[in-house]
Every structure is written in C-alpha cells, then in structure tokens.
Amino acid sequence: MRIRVIAVGTRLPDWAETAVQDFTRRMPRECQVEVQAVAAEPRSKKPDTARIMRNEATRMRAKMLPGSRVVVLDEHGKPWTTRQWAQALEAWMGEGQDVSMLIGGADGLEPALRASGDPSVALSPLTLPHALARVVLVEALYRAWSLSSGHPYHRE
C-alpha cells in the first residue's frame, strides 16, 4: 500500500523538509508514504478564489494515485486520536488500496475535491502553517503505524 500526501505549496523551510523526509523514510515498505507538492496558484490584489481553488485542484488530481481512497485534511473534518489513525491505517493496509491525502492551499480545497474525501479529517482545531501540517500528518502516520505494529516509538 502507498500513501501519497498531496499538498499545495512547493517551498518548505529546511526544518520541515528534514522532518517530513525523516518520518517518510521510517515507514515500512508495505506502507510507503510519499509527499507530492503542487504549485500554489498566484494571487492578485483581487483574487478569484474559485478559480484559484479550481486550478490547484486540477494539479492535485493529476498527482493522486489511480483508484485510491481520498482522505481530505480539512479544518472542518473530524479530529482523530492516535488510536483512530492507527485503526484507519490498519483498515487501509488490510484493503490493500492506495490512499491519496490532500492538503489544500491558502484558500482551502475546491468544494468538489473536498467532498470527494472519505473521510475528511482535521489535524488540529488550530490553524496550522502548511509546512507544519505536513510534518504533523507524516508524524501521525508514522505514530499510527508504530502503534499498530507494536513498535516502541509510540508508548501507551
């Protein structure tokens, strides 16, 4: 099974890039995680947010794994505990279906793309900077895997 995190924004601070690479590298072969960045749409003084979200969504769809389950990261989604992340990861691995996880841009995700998510998950009730959201997501995936596999990274 593969998990592809598709996020709007191509420039990450070095600390975030290092953390993302560290956690993705730790994932086992049977549950690979990769991060694909897509360019944010340029903004003007009077932005057309519908056009911006539509163009970003087009780029995101092009990066999605064919036939994959779509998980939307959205502030209005349901917050999950570590145990819920682990249960979802176990279920996805059991199904053997790839997963595409979507992190939108500054204006969020296009409504149709947001609606395609099953499930829609909130990483935090806080508004997170995009770089930090990527780090939190890949760490949550690694922690979920470690909990499911009995790895000592996650201690209860």
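Good morning. The largest nonpolar core of this predicted model has 34 residues, and those with the most contacts inside it are Ile3, Trp85, Leu89, Trp92, Met101 and Leu137. A nonpolar core here is a set of buried Ala, Val, Leu, Ile, Met, Phe, Trp, Tyr and Cys residues joined through side-chain atoms within 4.5 Å. Buried means under 20% relative accessible area, exposed means over 50%, and partly exposed lies in between, with a 1.4 Å probe and protein chains only.

Residues are numbered from 1 along each chain as its sequence is written. Because this is a predicted model, local features need pLDDT of at least 70 and side-chain atom pairs count only at pLDDT 80 or more, while totals for chains, interfaces and linings use all residues; side-chain values use heavy atoms, with hydrogens and water left out.

Helices (H or I, at least four residues) and strands (E, at least two) are DSSP runs, numbered from the N terminus. Helix 5 supplies the largest share of this core, ten residues. Apart from this core lies another, of eleven residues, among them Ile6, Val38, Val70 and Val72. In soluble globular proteins, nonpolar side chains tend to be buried together.

Five strands form an open sheet in the order 2-1-4-3-5, with parallel pairing; two strands pair if DSSP finds at least two bridges between them. At the edges are strand 2 (32-38) and strand 5, each of which pairs on one side only. From one strand to the next, the twist averages 30 degrees. Axes are lines fitted to C-alpha atoms, for helices over the stretch in contact, and angles run from 0 to 180 degrees between N-to-C directions.

Five bridges join strand 1 to strand 4, and the two run parallel; Val5 stands opposite Met101 in strand 4. Strand 3 (residues 69-79) also pairs with strand 4 (residues 99-103) in the parallel sense, over five bridges, and here Val70 stands opposite Ser100. Five of the five residues of strand 4 are buried, so this strand is largely enclosed by the rest of the structure. How do its side chains point? Val99, Met101 and Ile103 point one way from strand 4, whereas Ser100 and Leu102 point the other way. In a regular strand the side chains alternate between the two faces of the sheet.

Arg69 is found in strand 3 and, at 19% relative accessibility, counts as buried. Leaving aside residues up to four places away in sequence, Arg69 touches Trp92, Glu95, Gln97, Asp98, Val99, Ser100 and Asp118, where contact means heavy atoms within 4.5 Å.

Next comes helix 5 (residues 130-149), which lies across strand 1 (2-8), strand 2, strand 3 and strand 4, running at about 150 degrees to strand 4. Helix 5 has 20 residues and reaches 29 Å from its first C-alpha to its last, close to the 28 Å expected at 1.5 Å a residue; the expected span is 1.5 Å times one less than the number of residues. Because 14 of its 20 residues are buried, helix 5 is largely enclosed by the rest of the structure. Just after helix 5, Gly150 takes a positive phi of about 75 degrees.

Helix 3 packs against helix 5 at an angle of about 75 degrees, with their axes 8 Å apart. That makes helix 3 roughly perpendicular to helix 5, since angles under 35 degrees count as roughly parallel, over 145 as roughly antiparallel, 65 to 115 as roughly perpendicular and the rest as oblique. Leu89 touches Met1, Ile3, Cys31, Leu141, Ala144 and Trp145, not counting residues up to four places away in sequence.

I finish with the loops. Pro119 is found in the loop between helix 4 (111-115) and strand 5 (120-122), and the peptide bond from Asp118 to Pro119 is cis, with omega near 20 degrees. Most residues other than glycine have a negative phi, and most peptide bonds are trans. Gly67, in the loop between helix 2 (49-63) and strand 3, is exposed, with a relative accessible area of 66%. Thank you.
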